[in-house]
Amino acid sequence: MGKVYLVGAGPGDPELITLKGLKAIQQSDIILYDRLVNEELLGYASEKAELIYCGKSPEHHSLSQDNINKLLCRYAKEDKIVTRLKGGDPFIFGRGGEEAMILKENGFIFEIVPGITSGSAAPTYAGIPLTHRDYSSSVSFVSGVSKTGEDHEKYWEHLAKSSDTLCIYMGVKSLPEICERLIRYGRHSTTPIAVIHWGTTVMQQTVTGTLENIVHAADSLKNPSMIIIGDVVRLREQIQWFEEETTEHDFNPEVVIG
């Protein structure tokens, strides 16, 4: 029987993959990789390895999740070493949990290799610490896409009153609604916010603003982007280090952290 590795490829910079993840790529017969995986990593695969693109964009899925699950099981049954290569971390909005459950239910051997998620890496490359003794002692990783049938108002009311820092994945398309709901449920309209596009890559672009003006300031940014909300965003002005050029939208000078 073969083995399946569910590997986090990291947020975009190919040097951020773990050594264990790289070894899984090197020894695999089959690699099923996602849209946000830096394809430089595929250069470490064996010349004999079969590479299968499984990319999903908001508009198009090259393979359905059901078909991906079937391929994982099929190749494992054929005694292949399989790497399922995912952007970020497989267990953070990567559907790695679903794939692991399918493999377990069908009796296949698997291993999970964590990766650096864009929720922490993108703000780090933008000079935004998610926690800071003076400004934030709690962080939430949040999906900007709610489940069908979920009470959206209750969901965002809870988030508005929860953590100091919010890291929102897959939220750019819904940015106007997200900002409106957070303000409605208690976040101040001048709360700092950053949108980080293609974080950790040479294409990285960061736009900062507040809940009341970010929609206009970041209207040119699309997926993939991370949204970071909270007072820690202000620290970017002091410690940004990665981007040589960036588009900034000034904060309200009357707002004071604390």
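This is a predicted model: local features need pLDDT of at least 70, side-chain atom pairs count only at pLDDT 80 or more; totals for chains, interfaces and linings use all residues.
Residues are numbered from 1 along each chain as its sequence is written, and side-chain values use heavy atoms, without hydrogens and water. Local features need pLDDT of at least 70 and side-chain atom pairs pLDDT 80 or more, whereas totals for chains, interfaces and linings use all residues.

**View 1. The largest pocket holds about 1,400 Å³ of space.** A pocket is an open set of points on a 1 Å grid over the protein atoms alone, where a 1.4 Å probe fits, with protein on both sides within 12 Å along at least five of seven lines; lining residues have an atom within 4 Å of a point. Volume is the space filled by probe spheres set on the points, which are joined across faces, edges and corners. Of the 43 lining residues, Arg35, Leu36, Lys56, Phe93 and Met170 lie nearest the centre.

**View 2. The second largest pocket has a volume of about 220 Å³.** Its lining comprises 15 residues, and Gly12, Pro14, Asn38, Thr201 and Val202 are the closest to its centre.

**View 3. Helix H5 (residues 152-160) packs against helix H6 (residues 175-184).** Helices are DSSP runs (H or I, at least four residues), numbered from the N terminus. The angle is about 65° and the axes are 8 Å apart; axes are lines fitted to C-alpha atoms over the stretch in contact, with angles from 0 to 180 degrees between N-to-C directions. H5 and H6 are therefore roughly perpendicular (65 to 115 degrees). Contact (heavy atoms within 4.5 Å) involves His152, Glu153, Trp156, Leu159 and Ala160 of H5 with Ile178, Arg181, Leu182 and Arg184 of H6.

Technical notes: Helices (H or I, at least four residues) and strands (E, at least two) are DSSP runs, numbered from the N terminus. Angles under 35 degrees count as roughly parallel, over 145 as roughly antiparallel, 65 to 115 as roughly perpendicular and the rest as oblique.
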